[in-house]
Amino acid sequence: MESRGAGRAPTWCAYAAALVALAAITIVLGPSGLGGPAGSMARVGTGLHLLDSAAGTWDNGVVRLTLTNPLPSFTITSDRDGRVASVHSFERIAEVTPTGNVTAFAPFLTQNVTWRIASAPSGGGEMVWLNATARVSFTHGGWESGDEVSVLDSGPGSTNVSLTFTLNASAAPAPSSVSFDVAVDHWPWTDTRDVLGMEIASVAVPSTTLIPGVAPNSVLEVANGSHQTVATLSWVSSASVAYGSGPGSNSSVVAYRNFSRDASASTVLLRFNATRGGYSELEYDPLVQLNLTAFTHGLLPAWAITPASTEVMAVAVGMVSVLALAAYRGRSRPNRPF
């Protein structure tokens, strides 16, 4: 008689091979063939669907920069995992007195400001420019408090503002980071003893919260539960200023970080305390860095966990179940006589 189960090892090998092959299909097709998060945008906490208001998108093969309305708002998203994203807006420039009061400001998220967009390849990456002339209004209020300031009648004039986003090439250092240089010139000072302040707002994407960084010059976006860092907004402690035709100088940067009670939004208030106020130009360059593996757990990469890949895995499990049932019935048959 043939011993029970003899000669069945190749069959079990085939079953195992089928399972491995199906799992491999799920992984290989994850980012492109299954059309997962790489083809979609995250929804921000305010309910704004970024794709609906996109003013332009640029991609370096690792992350993509999407400018959104109202400009100058922007989102940086991982190409492989749409959950890894960082949402920010450049809110306003303000004139701040030595005592910390705001005397004038230029808001940017309004219909009264028209932004011009241009882009060009740079070293295998991409550079994107935003330029606008904004009206400066008289106002009053405290800068450090982060309270809304009241707009008074008219203002001292207008100012020119430009933002330059830099996406590094995918093969270059730090391809998952995007810097955005901010330049301000021709500010209509009400008092040349004053300095400028800059406000940057951030919104947490789904499944994340915003917290202060360990260093005073950063804001972290962390995954709920695991507390893995998803994105980091950081800034340096000095900026460049110029005084007309005279030599340039460095300005120290004082930062204040405010967070909403539910940690879904934050505001960074930067104040540029130059050696003396009244400067004609200001240039500063914060940085956003994504952690591309923030949501990666287990054997499958995060981008592979999509509705389509789940369906493939369900089919795989079903097929293996059928094969296992067939194997069980084969093993349960009576032994054949000689």
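**Rings, backbone and a cavity**

Author: At 0% relative accessibility, F108 counts as buried (buried is under 20% relative accessible area, exposed over 50%, partly exposed in between, with a 1.4 Å probe and protein chains only). This is a predicted model, in which local features need pLDDT of at least 70 and side-chain atom pairs count only at pLDDT 80 or more, while totals for chains, interfaces and linings use all residues. Residues are numbered from 1 along each chain as its sequence is written, and side-chain values use heavy atoms, with hydrogens and water left out.

Reader: Fine. How many aromatic pairs does a search of the whole structure find?

Author: Eight. Rings of Phe, Tyr and Trp (its six-membered ring) pair if their centres lie within 6.5 Å; planes under 30 degrees apart are stacked, over 60 edge-to-face, and the rest tilted.

Reader: Are the rings of F90 and F108 stacked or edge-to-face?

Author: Their centres are 5.1 Å apart and their planes at 15 degrees, so the pair is stacked. F90 lies in strand β4 (residues 85-96) and F108 in the loop between β5 (102-107) and β6 (116-122), so the pair ties together parts 18 residues apart in sequence. Strands here are DSSP runs of E, at least two residues long, numbered from the N terminus.

Reader: And F90, buried or exposed?

Author: F90 counts as buried, at 0% relative accessibility.

Reader: What about Y243 and Y279?

Author: That pair is edge-to-face, because the ring centres are 6.3 Å apart and the planes are at 80 degrees. Y243 is in the loop between β15 (238-242) and β16 (249-259), and Y279 is in the loop between β17 (265-274) and β18 (281-284), so that the pair links distant parts of the chain, 36 residues apart. Both Y243 and Y279 are buried.

Reader: Which residue lies over the face of Y243?

Author: R276, at 3.7 Å from the ring centre. The rule asks for NZ of Lys or CZ of Arg within 6 Å of the ring centre and within 35 degrees of the ring normal.

Reader: Backbone next. Where are the cis peptide bonds?

Author: One runs from N69 to P70, with omega near 0 degrees. Another joins L71 and P72, where omega is about 5 degrees. P70 sits in the loop between β2 (63-68) and β3 (73-78), and P72 lies in the loop between β2 and β3 as well.

Reader: What is phi at H186 and at H227?

Author: H186 has a positive phi near 60 degrees, and H227 has a positive phi of about 60 degrees. Most residues other than glycine have a negative phi. H186 is in the loop between β10 (177-185) and β11 (195-203), and at 59% relative accessibility it counts as exposed. H227 is in the loop between β13 (218-223) and β14 (229-234), and is exposed with a relative accessible area of 57%.

Reader: Last topic. How many cavities of 30 Å³ or more?

Author: One. A cavity is a set of points on a 1 Å grid over the protein atoms alone where a 1.4 Å probe fits but cannot get out, and lining residues have an atom within 4 Å of a point. About 40 Å³ of space lies in the largest cavity, the volume being the space filled by probe spheres set on the points, which are joined across faces, edges and corners.

Reader: Which strand gives the most to the lining?

Author: β14, with three residues. The lining residues include S86, H88, E221 and T232.

Note on methods:
Helices (H or I, at least four residues) and strands (E, at least two) are DSSP runs, numbered from the N terminus. On a 1 Å grid over the protein atoms alone, a cavity is a set of points where a 1.4 Å probe fits but cannot get out, and a pocket is an open set with protein on both sides within 12 Å along at least five of seven lines; lining residues have an atom within 4 Å of a point.
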